[in-house]
Amino acid sequence: MPPIVVVGASLAGLSAVDAVRSGGHDGDVVVLEAAAALPSDRPPLSKQVLAGTMEPSAAHQPLAGRLDELAVDLRLGLRVDHVDVAGLRLDLSDGSSLSASGLVVATGASPRTLPGPPLAGVHVVRTLDDSLALRRDLDAGPDRVAVIGAGFIGAEVAATCRGLGLEVTLIEAAPAPMVRVLPEAVGAFVADLHRAHGVDVRLGVGVEGLVADGDRVRGVALADGTTVDASVVVVGIGVAPDVAWLEGSGVPVGNGVTCDETCLAAPGVVAAGDVAEWFNPHFGERMRVEQWEHAIEHGAAAGRRLLAGDGPGEPFGSVPWFWSDQYDRKLQLAGRPAATDEVHVLEGSLEEQRFVAAFRRGERCTGVLGVNRPRHVVQARMRLTESLDWAPIEELLS
Amino acid sequence: MKVVVNFDLCESNAVCMGIAPEVFEVRDDDFLYVLQEEPAEELRGKVEEAARRCPKQAITVED
Ligand SMILES: Cc1cc2nc3c(=O)[nH]c(=O)nc-3n(C[C@H](O)[C@H](O)[C@H](O)COP(=O)(O)OP(=O)(O)OC[C@H]3O[C@@H](n4cnc5c(N)ncnc54)[C@H](O)[C@@H]3O)c2cc1C
Ligand code: SF4
């Protein structure tokens, strides 16, 4: 029997392997990874590794030490160029091909970039090499670092750069930071936090383009006609799911790979993690979640789905959870609020920079954000896992 | 079974508490407390799950 083939050796992919092994599959499992080395754990790349407080070698994924035990045939430096869903045959970058009895799509996402030729001094942060390259440029002591995009990675990079004593301008086209994951009122809190730490925060202003001096970046031209002078620019404008290799494969692709509520994309094909959009039955919504713990849980669910074969499989319902460290504040979000949801601060206050905010849409609680309130968020998440009703959350947190 | 937390690694994000509240508790001072260092055998599944899910890999379970 051909092996189960997993594409992408990061959180979602390896977690799928863990699940097929604990589900009793003792056949071959091949993991294909385009990168030349096992991907590092990513959260420290914008935090401790960039700050220089964690050795790069310590930033390993949770399952990195168990690959032997999981009997993984890990093939690094091999990209899948194409797959045909009908015969589950994969074409690889070294010209060879491989048949699979089941396929796990776990190719994650890659940073969006700005148009224009590559310039020295311009960075994205996705891989360990990215983080180390940025760190080298920061060590050169730039007069100013411009961070384009105040999503959570941009916000973390800005905070880390301030921690290194550098001048920072944080540029965001939306009216508030982190608008993709947080309602505007709490986004405004994040903006204030950065201002209080001396960041020059520019909101609601788009980027015209980069200003170059030869092949090196010299600044960022903004839509309001001003220019931010900066010799290091970090682009954090979101990621795009890595699905190009699935073109013409028969695997449905929209906002990432389109899966049903059991993580199934096509017969014998499951997808998980940053690359996969699925119907989350707990919320009754389709979603694609770019978060660490989600990639692990989703990967495990996808692995189990593959083992269920032609059976119906189990729906994967979840309350996503993520954290972001900025300065000495730890933001944690459980759930999936929309920008337009009502914000209720139920504990603490924004002024204290220590609070719990719950998000409400009708009689439903769509999420809970804690700033330096880990216990509250975890307890709220347990409640939300039982039901998304507003009343029990209000009772728990008030 | 003995639960050991490496407090140099722990960042008090309370993931473990979400999985095994009988054993792990993050209190208002933002520190993690291990409520039972030698939990009963029936908690093994949960404790091992918490160890696996800890984003800092700060928990070890010794037999
Ligand atoms: C800097 C940074 C900080 C973060 N911080 C946090 C945080 O604080 N909290 C949080 O919850 N989340 C955080 N995240 C998000 C989290 O790390 C991701 O959600 C997670 O890595 C997603 O895992 P994944 O397995 O889906 O995909 P990825 O980690 O993207 O891995 C996909 C892998 O697939 C490989 N691949 C792609 N295409 C192919 C192909 N055709 N053939 C073979 N291999 C291929 C890639 O090389 C890659 O290694 C952070 C992410 C980054 C980048
Ligand atoms: S999950 Fe890990 S890091 Fe988080 S509180 Fe528990 S031991 Fe600490």
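Buried means under 20% relative accessible area, exposed over 50% and partly exposed in between, for a 1.4 Å probe and protein chains only. The model is predicted, so local features need pLDDT of at least 70 and side-chain atom pairs count only at pLDDT 80 or more, while totals for chains, interfaces and linings use all residues. Residues are numbered from 1 along each chain as its sequence is written, and side-chain values use heavy atoms, with hydrogens and water left out.

**View 1. Residue A:E277 in its strand.** A:E277 belongs to strand 22 (residues 276-280) of chain A, strands (E, at least two residues) being DSSP runs numbered from the N terminus. A:E277 is buried, because its relative accessible area is 13%. Among the residues that A:E277 touches are A:N255, A:V257, A:R286 and A:R288; contact means heavy atoms within 4.5 Å.

**View 2. The largest nonpolar core.** A nonpolar core is a set of buried Ala, Val, Leu, Ile, Met, Phe, Trp, Tyr and Cys residues joined through side-chain atoms within 4.5 Å. The largest one has 96 residues, and A:L90, A:V257 and B:F24 have the most contacts inside it. Domain 1 (4-110 + 240-307) and domain 3 (328-397) of chain A both give residues to this core, so it lies between them; the domain bounds come from an automatic or database domain assignment. Another core, of 22 residues, lies apart from it and includes A:L45 and A:C161.

**View 3. Helix 5 of chain A.** The buried residues of this helix include A:F189, A:L193 and A:H194. Helices (H or I, at least four residues) are also DSSP runs. After helix 5 of chain A comes A:G198, with a positive phi near 85 degrees.

Note on methods:
Chains are lettered from A and ligands numbered from 1 in the order in which they are written. Lists of a residue's contacts leave out its neighbours within four places in sequence.
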